[in-house]
Amino acid sequence: DKIILSNLGINLKPVDDTMLLSYVLDAGKFRHNLDDLAKLYLDHDTIKYKYVVGVGKKEKTFNEINIKDAYIYAAEDADVTFKLYKILKKRIISEKLLSVYEYIEKPLINVLARMEKEGIKIDIKQLKELGLIFQKKLLKIEKEIFKLSNIEFNIASPKQLGEILFDKLGFKGGKKGKSGAYSTSVDVLENLSYEGHEIAGFLLEWRQISKLINTYIESLINEVNKKTLRIHTSYSMASTNTGRLSSTNPNLQN
């Protein structure tokens with residue numbers, strides 16, 4: 001909210017934050033989002049965001065919502081937040097945690113807002129070059145896998161892979177799950193590799209490189225903001241039991 005308002009030239013100061021108040025008081029006991037806190041302290045079921053904007057293909061952006069639905073949702077947010085604030089502020093004083101909140105947690109709000117707005121610089125050219133290197137490696141490994149199995153198949157399909165390993169090649173240790181397909185988990189492939197089956201080592205390497213391409217290289221490039229050419233992740237101060245920061249959309253710590 002602070003970042004959105006700052007884009008309009010509005011600087012929020014001073015602020016209090018019900019999520020942080022709750023986190024300082026009860027870190028690790030439960031989640032600290034508004035919906036959960038409203039139920040816990042006020043026994044109130046809030047209007048859920050997904051009910052207002054819809055889900056999946058029917059999902060709308062907030063500016064497309066009927067103004068009455070938008071104002072009822074937003075007004076409830078403000079009302080519930082203020083009611084929670086009054087309860088949590090009393091607790092934080094009576095439980096002698098005010099200094100932790102005021103001097104350690106709250107000052108970070110401004111720091112993180114600036115960090116999120118600034119974004120993380122990404123070298124797109126370097127990532128694309130890395131992607132090409134990995135693609136070449138992947139093709140090389142695929143050739144080895146097809147050579148050892150004497151057949152071309154979809155390596156990304158656990159069903160096909162299980163049939164190749166345990167039916168066609170006749171390896172021992174194949175276990176079928178509820179779906180009727182063989183398990184081809186990392187543990188299974190590692191066991192086959194220890195037993196001296198060369199194909200299993202190539203399959204493990206193929207999966208690693210494939211994950212680097214899909215989960216990291218391609219998704220990082222897709223997350224880059226077109227205007228700033230940076231990634232603007234969201235940092236959360238109230239998501240971990242230990243007090244460390246976490247990062248979402250995307251998870252840059254991963």
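Buried here means under 20% relative accessible area, exposed means over 50%, and partly exposed lies in between, with a 1.4 Å probe and protein chains only. The model is predicted, so local features need pLDDT of at least 70 and side-chain atom pairs count only at pLDDT 80 or more, while totals for chains, interfaces and linings use all residues. Residues are numbered from 1 along each chain as its sequence is written, and side-chain values use heavy atoms, with hydrogens and water left out.

Start with the charges. Side chains of opposite charge can pair when their charged atoms come close. A salt bridge is a side-chain nitrogen of Lys or Arg within 4 Å of a carboxyl oxygen of Asp or Glu. The whole structure holds 14 salt bridges.

One of them joins Asp-16 and Lys-106, at 3.6 Å from N to O. Asp-16 sits in the loop between helix 1 (2-7) and helix 2 (18-26), and Lys-106 in the loop between helix 6 (98-105) and helix 7 (107-118), so the pair ties together parts 90 residues apart in sequence. Helices are DSSP runs of H or I with at least four residues, numbered from the N terminus. Asp-16 is partly exposed, at 32% relative accessibility. Lys-106 is buried, at 17%.

Next comes the pair of Arg-91 and Asp-26, with 2.9 Å from N to O. Arg-91 belongs to helix 5 (residues 67-94) and Asp-26 to helix 2, so this bridge links parts 65 residues apart in sequence. Asp-26 is buried, with a relative accessible area of 4%.

Now look within a single helix. Glu-163 and Lys-159 form a salt bridge, their closest N and O atoms 3.0 Å apart. Both lie in helix 9 (residues 158-168), 4 residues apart, or about one helical turn. Glu-163 is partly exposed, at 34%. Elsewhere, salt bridges with shared partners join Asp-16, Lys-89, Glu-102 and Lys-106 into one network.

Which charged residue is buried yet has no salt bridge? Glu-76 is such a case. Glu-76 is found in helix 5. Its nearest side chain of opposite charge, Lys-48, is 7.3 Å away; Lys and Arg count as positive, Asp and Glu as negative, and His and the chain ends are not counted. Leaving aside residues up to four places away in sequence, Glu-76 touches His-44, Asp-45, Thr-46 and Ile-47, where contact means heavy atoms within 4.5 Å.

Methods. Helices (H or I, at least four residues) and strands (E, at least two) are DSSP runs, numbered from the N terminus.
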